[in-house]
Amino acid sequence: MTTLPQDLQELLARCLDGGSAGDWQSLHERLAAVRDDSAILDAYAETCALHHDLRCVLAPGASSEAFLRGVESKLNDQRKDSGRFVLEVAARTREQFKKRDRTVRNRSFVWAGWGAAATVLLAAGIYFLQGSASNRSIGRIVRVGSAAQLARGGAEHSVSTGEILFADDILRTGSGAEGSEIELDEKATFQVSADTIVVFRKASYALELKQGKLDISVGPQPKDHPFIVRTPHADAEVLGTHFALEVDADRTRLSVFESRVRLKSVWDGGSNTVVQAGYSAEARPGTPIVAIPLKDVPLVAVFQQGKKGYAGACDLVITTQNSEFTYNNGATQFDADQYLICNFKEYQMRMLMRFEDLMLPAGAKVVSAELDMKWENWDTGQSLQGSYLNVAWNPKARELNGLGWIHRDVGADWAMPGASDDKKDRVSGISIPLPTPGNAYVTATRISLDPAQVQRWVNAPASNFGVLFSISKRGDHIRAFASHAAEQNNRPALVIRYTLPDGNSATH
Amino acid sequence: MADDVLLRAQGGDRSAITAIVQEHQRAVRSYLSRLAPDASTADDLAQEVFLEAFQVLERIDPQRDLRNYLLGIARNRARMAWRKQYSRREISGDELFNALESRASVENLATNDDRLEHLRACLARLGPKALEIFQLHYNDELRCEEVAERLNMTAGSIRSVLTRGRDALRNCIEARAGGAATQ
């Protein structure tokens, strides 16, 4: 897609924003200079068309109905001026109708025709309503891994984040592909591993796992409508939980991380077993289902504000903005839906984030930890940086001399303003590798955290100082969705994978 | 094959006239949004297209493609608008019109309804702040300065979000249209 040259882009933006005649003339003069550049002309025309489309979609005054009313109103004005327009037209065309021999001779035939048409329309309406009911969306793709394809109605296409899912859609992930995250309407989310084929159903079972692995988290389900995942070898009926299903050629393996799942084999007369958290079981021919303790299979804990009652997430932005009014402490922002992180000439903003109350079972050993973040990003190549903080900061200190650019609490300052000291304010020598967020929209990134750091957060909550996000390059900026984001899915989530010492069960 | 709706309109059926506007307004408006000298006159020109067509309704051959007929009127209206605006100035309205007209593919207009569907889907993927800015600007018809005042941002930031957002929406629509085309 060609982008307009900067000056032309700015001129066009000014014009589309209700520019004056002079603005439009400046634009036309600039446009005349590039009239031989077809790519620029295309970009210009497409931007104009998009502006128009946006008005059609968002502005009631520009809708098709409003346009129709406008035409009808002008037609009526014409009729007032020149008599009864429609009758005139009819009179003028009568002779031509005779010539074409298309005059309708039988009025009753017309009425019969209209009656038939009305019946057809009614039937079509009923059919449409029924069709639309059966074609309701059943969920959406929250995060898409590489090389994931969605088959629908015999055609396949690459899936994109936010794509709506319908019953009978088939998702295939490629080999070596990063997993995709799916959210179903029935309060279920799951991660799809590489080389997996899953069919979305809206029947007696919700999903059909044909191949590969799913990591599933399901909220409470109605008793008369259990959440069932079907594999070639078994049905897994979810009793409210988090679990993984893995399908090989001759077996289905179930690992339960939280609560319980009923595994019902297709062999042995449909024998079934309720598998508890911390256990796994296999369905395969000739072997009864037996639950065995999970060995070396990491359990997963997800901490996200509002999810399953978790309320320990805390994030805010410290800034140099309005420093002149706050003795250089800036105007710290709390409780926002999104935070701007920036390094502008005029001011800077840095985001502090911490997950408190990381309740894991005693002896839990953190194997890995990831931070799932959503961004709103309009530029490529943002110089976003992440660091572990090394000193305490108090989000409750909201007074003038409280948490800000200079102070981290009442009576306590950052070693350098903005928590800038790489040795005292931040953990020395460890930075957080950040993936580059996509350009525009809500884009998701999964940030790998140092397991040792997160282990310290779990073991010694008093040393949990969280992380800091900043922008290093002057002029760059990005928006991060915060724990107060209106949409639950946009809130940051800390995902910890951990193992338990032998003999303990997973009961977090 | 004769256009039945056109025949009914020629026979004086008001509902058929309404149906003609409903069926073809998207294509005509979209075409003119690319060709008109400025955004505010595109819809005025589109209304004039239908009024002109209805004035000569009885002369339209029902065997002809009505959409192409309407787009022909639209092309002429746009050309006249450029000429009128730059009749005695240094810029050649004709040249600019010809340059733009050569890029405005009538074939693309066939997918107009899809474009709006794609646009709705792409808008749903905008971040809440960006969407709020688009809503305030387009739905509430606030100027950038007014949006900025309401959101405690600078007008430059608002303009930047709108510009980049439109670029991103174009990208998104193209990607979706491309995906649909390969299905």
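What share of the 183 residues in chain B is buried? Buried residues make up 40% of chain B. The legends below refer to a predicted model.

**View 1. Chain B is built from helices, with zero strands.**
Chain B has nine helices. Along the sequence the pattern reads α-α-α-α-α-α-α-α-α. Take the contacts in chain B with a separation of 6 or more: 60% of them join residues 24 or more positions apart.

**View 2. Chain B meets chain A through 65 residues of its own.**
Chain A brings 64 residues to this contact. Several helices of chain B each supply at least two residues to the side that touches chain A. H9(B) gives the most, with 14 residues. By residue class, the side of chain B that touches chain A divides into 27 nonpolar, 17 polar and 21 charged.

**View 3. H3(B) crosses helix H4 (residues 66-85) of chain B at roughly 130°.**
The two axes come within 9 Å. From H3(B), the contact is made by B:Thr41, B:Leu45, B:Ala46, B:Glu48, B:Val49, B:Glu52 and B:Ala53. From H4(B) come B:Leu70, B:Ile73, B:Ala74, B:Arg77, B:Ala78 and B:Ala81. The residues of this contact divide into nine nonpolar, one polar and three charged. B:Thr41 is one of the residues that H3(B) supplies, and Thr counts as polar. The charged class takes in Glu and Arg; B:Glu48 and B:Glu52 sit on H3(B), and B:Arg77 on H4(B).

**View 4. Two stretches of chain A have pLDDT below 50.**
The mean pLDDT of chain A is 78. In this chain 79% of the residues reach 70 or more. Over residues 82-135 of chain A the pLDDT is below 50. Beyond near neighbours in sequence, that stretch has 26 contacts in the model. Residues 503-508 of chain A also have pLDDT below 50. Here the model shows 17 contacts beyond near neighbours in sequence. Where pLDDT is low, predicted coordinates should not be read in detail.

How values were computed:
Residues numbered from 1 in each chain as written. Chains lettered and ligands numbered in written order. Predicted model: local features only at pLDDT ≥ 70, side-chain atom pairs only at ≥ 80, totals over all residues. Helix = DSSP H or I, 4+ residues; strand = E, 2+ residues; numbered from the N terminus. Buried ≥ 20, exposed ≤ 12 C-beta atoms within 10 Å, placed from the backbone. Contact = placed C-beta atoms within 7 Å. Axes fitted to C-alpha atoms, helices over the stretch in contact; angles between N-to-C directions. pLDDT = per-residue confidence, 0-100.
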